[in-house]
Amino acid sequence: MAPIEVRGHLYSLSRPSLYEARRIIIDTFSAMAPKRLIINHGASDPIHSLQSSRSLHSTYSLPGVSAFTSRMMNAVARSFFCWSAVATFLCPAGGMNSQQLTMAIPSPRAPVGGSYLLGLGIADVTGPVVETNMFGYASLDQNDAGIHMRQRSRAYIIADSADPTQRVVFVNSDISSGDTAVRKGILDRLQQLYPGVYTESNFALAGTHSHAGVGGYVNNLLPQLTSLGFVRQTYDAIVNGTVLSIVRAHESLAPGTLSIGNTTVIDGAINRSPFSYLQNPLEERNRYPGDLEKELSLLKFTDSATGVDRGFLSFFAVHGTSLYMNNTLVSTDNKGMAAYLYESFMEPYALPGKNKFVAGFAQSTSGDVSPNTLGAFCESPGKPWHGQPCDFEKSTCGNRTQDCRGRGPGYQTSDFLSNEIIGRKQFDAARILMEYSDDALAPINGPVKSFHTYVDIGNYQFTLKNGKPAKTCKAALGFSFAGGTTDGPGAFDFIQGINSTDPRNPLWDVVKLAVTPAPSEEQKACHYPKPILLNVGFASFPYQWSPSIVDIQAFRIGQLVILVLPSEFTTMAGRRLREAVRSKLIADGIIGQDAYVIAVGPANVYSHYTTTYEEYLIQRYEGASTMYGPHQLEAYIDIYTKHLQYLSKDSTAFPPSGPAPDDLSSKAWSLQSKVIMDSSPAGHPFGDVLTNVKTTTPYKKGETVTAVFQAANPRNNLRLEGTFLAVEKLTNGNKWETVRTDSHPSTKLVWTRTNTILGYSEVKINWTIEDSTPPGQYRITYFGDSKAFFSRAITPFQGSTSTFTVA
């Protein structure tokens, strides 16, 4: 055997990652004759026990290499101790001459960040997956009819190890937005479990802003209209699942360190309102590389005792609209997909939701940011503009919004492929940061602080930078709100970019008076140049249509400040807020020049959008949805900067709580019909296989296995922390092992009501066989629950297909 030595030289490349080092190694030997490489971990290695679990049993097929030493594997896996990696490749005798290669394999070092108590937890928050409107697109037609992936809550607790009473808990949930009633329900439960520990000040509830989740849980009436009111099942699922994720995080509290860094996501998003963005001052725009934030920031959680990474919380701005508004399968959109990809990468044998490593992909200032990266085009068959880009200013096709639709990177195949692509781009960015040497990430040092207050944002007076007085307005939505976006076009003849001076259909000026109260002249003047379509700030029947009181909150963890936002901020609005906050933190000596400011939202409450003043004047969708008038952003900047004193290291004070919003869940109405009963045709009991799998020939990888079962309504039992389906593999011990559930993106369950009067229904389950699927014997099992007409009893059942072969 002729040895080939690969010796690490620290930082031969700028900011090298160990993932990249592994790729270089593989590429280096790509010309050799194929031979299997087993990566071994020797017990003699002093840092063997400190490696991430994903690297303990790795097998790679590499050309010309028969063995790979433990130390190189440790370099690839990434430890937290300083050492020089030396790898010896043993090649076939007579194959290669002895030679030495110099490569950039970094020598990691021990983290130098401050010590914290860290806790991470995950739980299921999936509401009813059928017969319920989905929240995001506000489309009456988008009622769910099955499931693609379960929604999860991911909780992160950070406490000061010197004073554990100083702590924060951040929940990143696969829902569209945080909400007032949901947040209150969670806090009430936490008060019972941990009196005085988790409070309004230190608890934040953020949504990933998925538009594929279950709706009906929001506190105010306007977002409830398409869901036919309040859906208690959705609310309960979110509250109970969020509490469970926090309990799991609390019970996992252990000493750890934090570090933060960022990297660029290439082709992961575009600005969907570039015409609005261009209205911002040129000199301001010239300070930035483009019209959206391409950086993904990542906060890494590392266990102090073992040096093993426990998870991370990342932040990247892109709308949860990869799955279109005609999708009716409950899912998590691109951020939930990214989380699934990373968690399954770390723990490939753990079923989704059963993992210990928690990967969070939080939403940032995505108000004008779309995942449909190919741009918006006209879908107008037979028209001369078919296939052409939409109108740049109005996003129309033939003066209609309905045909102007954004295209995701996989649109020629499906929006599910687009969703995976955008999710994977965020996964790749997070992986780069997690596998950087620790020198590339900044250690977090310093106190844990938080503040929270309520502000009546519809009635806030302040002074602008130029010294002029300003005020916000009672909530109202403009005509272009009904025009929708290129991610989800509106209805009728509404279009984007309509201001008070533009001609519009006079019919709507009449119709709107039957929906919400007529705006006063003062209200019109306050919102000018927004032509008011829905005067929601004055609509209170049967209860408040939109919030007037919003949460103002921020967390400080060392030099990191997280601004928890009550609405969707556009790119430039987010930049202005972050810069104002950072400048104030430094000027007041609260944090030094290393201050790192992140904005997250929509969180705690949903209050639509926030644009810059210049973008507001254009009145595209985002401006028309900026509910509290043209100076809304300036008001938020004024409020947040005035409260930063409470993040000071020595501060023991709390801001006044402000006027608390009402929890409307107890008085909310609902027109959603209840499940009356389930029954099945004679000869076909619940769980009976109506369409079986093929058994005569094996399935190949890439093929889709389909089975149809006699079903019952999934609303009878949400099966939280469970599944409606299982792909099971026959083991060597002749036992069935679950290898896929309804949380895997390779599966889909579609429920169909076949007879409404008699209560018949069916489910179709699809499993697309992944390339990584091992050959063997499989079956598909469906789990359901039927409801009896007279007794109202819920009875569980299940059914399984015949055994089939995967080659």
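Student: What span does helix 7 reach from its first C-alpha to its last?

Tutor: The expected span of a helix is 1.5 Å times one less than its number of residues. Helix 7 (residues 333–346) has 14 residues and reaches 20 Å, close to the 20 Å expected. Helices (H or I, at least four residues) and strands (E, at least two) are DSSP runs, numbered from the N terminus. This is a predicted model, in which local features need pLDDT of at least 70 and side-chain atom pairs count only at pLDDT 80 or more, while totals for chains, interfaces and linings use all residues. Residues are numbered from 1 along each chain as its sequence is written, and side-chain values use heavy atoms, with hydrogens and water left out.

Student: How should I read a sheet, and in what order do the 7 strands stand?

Tutor: Strands of a sheet pair through backbone hydrogen bonds, either parallel or antiparallel. Two strands are counted as a pair if DSSP finds at least two bridges between them. Here the 7 strands form an open sheet in the order 13-8-9-37-38-34-33, with antiparallel pairing. Its edge strands, strand 13 (213–214) and strand 33 (689–691), each pair on one side only. Within the sheet, strand 8 (residues 130–135) and strand 9 (residues 143–147) pair over 2 bridges, and Asn133 stands opposite Asn143 in strand 9.

Student: Is Gly488 buried or exposed?

Tutor: Gly488 is buried, as its relative accessible area is 13%. This residue lies in the loop between strand 26 (477–478) and helix 9 (506–511). Not counting residues up to four places away in sequence, Gly488 touches Tyr137 and Met325. The C-alpha atoms of Gly488 and Ala138 are separated by 9.1 Å, although these residues are 350 apart along the chain.

Student: What does the secondary structure of the chain come to?

Tutor: The chain has 14 helices and 41 strands. Buried residues make up 60% of its 807 residues.

Notes:
Buried < 20%, exposed > 50% of the residue type's maximum accessible area, 1.4 Å probe, protein only. Contact = heavy atoms within 4.5 Å.
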